[in-house]
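Here are my notes for you, written as numbered points. Keep the picture open while you read, and look up each residue as it comes along.

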Amino acid sequence: MNLPKELKYSEEHEWVKQEGNNRVRIGITDFAQDELGDIVFVELPEAGDEVEANSPFGSVESVKTVSELYSPVTGKVVEVNGDLDDSPEKVNESPYGDGWMVVVEVSDASDLDKLMDADKYEALVSE
């Protein structure tokens, strides 16, 4: 399982990468994309939309199921990965790279303190 050490992780299987200026990049983990199977559609919010920690902000549809995406932070969406509209398989191919989903301007930095490091996340998914 691929778990970059520099990222933070949520119990809902999203990863968070701090980008500076109170902004974070968010996607789903390698574990999550593997569990979902071949992803065929990704529904994301639009730039300017507000997201709330632990609340749904979109969904991922695979050949197996539809799964909601939960925001690990509260804030405003400032960038959306539009490439996923035409190439949702990027989430499977590169969950921590080209398969990222949104960039959020965080309104409460303490949300980041509630996330897990790679070791804690690995322990969670290994149970």
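**Notes on the fold and its contacts**

1. Let's start with charges: searching the whole structure turns up four salt bridges. Here a salt bridge is a side-chain nitrogen of Lys or Arg within 4 Å of a carboxyl oxygen of Asp or Glu. Before going on, note that this is a predicted model, in which local features need pLDDT of at least 70, side-chain atom pairs count only at pLDDT 80 or more, and totals for chains, interfaces and linings use all residues. Residues are numbered from 1 along each chain as its sequence is written, and side-chain values use heavy atoms, with hydrogens and water left out.

2. One of the salt bridges links the side chains of K5 and D119, at 2.8 Å from N to O. K5 sits in the segment before β1 and D119 in helix α5 (residues 118–126), so the pair ties together parts that are 114 residues apart in sequence. (Helices, H or I with at least four residues, and strands, E with at least two, are DSSP runs numbered from the N terminus.) K5 is exposed, at 58% relative accessible area, while D119 is partly exposed at 47%. The cut-offs are these: buried is under 20% relative accessible area, exposed is over 50%, and partly exposed is in between, using a 1.4 Å probe and protein chains only.

3. Now look at E19 and R25, whose side chains also meet in a salt bridge (2.9 Å, N to O). Are these two buried or exposed? E19 is partly exposed, with 35% relative accessible area, but R25 counts as buried at 16%. K90 and D83 form another salt bridge, at 3.7 Å from N to O, and D83 is partly exposed at 46%.

4. Next, the sheet. It is open, has six strands in the order β1-β2-β3-β9-β8-β5, and pairs in the antiparallel sense. Two strands pair if DSSP finds at least two bridges between them. At the edges are β1 (8–9) and β5, each pairing on one side only.

5. You can walk across this sheet. Strand β2 (residues 14–20) is joined to β3 by six antiparallel bridges, and G20 has R23 in β3 as its bridge partner. Further along, β8 and strand β9 (residues 102–106) pair over five bridges, and two bridges join β5 (residues 50–51) to β8 (residues 75–80). K76 is a handy landmark in β8: E50 stands opposite K76, and in β9 the bridge partner of K76 is E105.

6. What about the inside? The largest nonpolar core has 23 residues, of which V24, I26, I28, L44, M101 and V104 touch the most other members. β3 (23–28), α1 (30–36), β4, β6 (56–62) and β9 each give at least two residues to this core. A second, separate core of eleven residues includes Y96, W100, A118 and V125. A nonpolar core means a set of buried Ala, Val, Leu, Ile, Met, Phe, Trp, Tyr and Cys residues joined through side-chain atoms within 4.5 Å. In soluble globular proteins, nonpolar side chains tend to be buried together.

7. Which residues does I26 touch? Leaving aside residues up to four places away in sequence, I26 touches E14, W15, V16, F57, P72, V73, W100, M101, V102 and V104. Contact here means heavy atoms within 4.5 Å.

8. Finally, V40 is in strand β4 (residues 39–43) and is partly exposed, at 43% relative accessibility.
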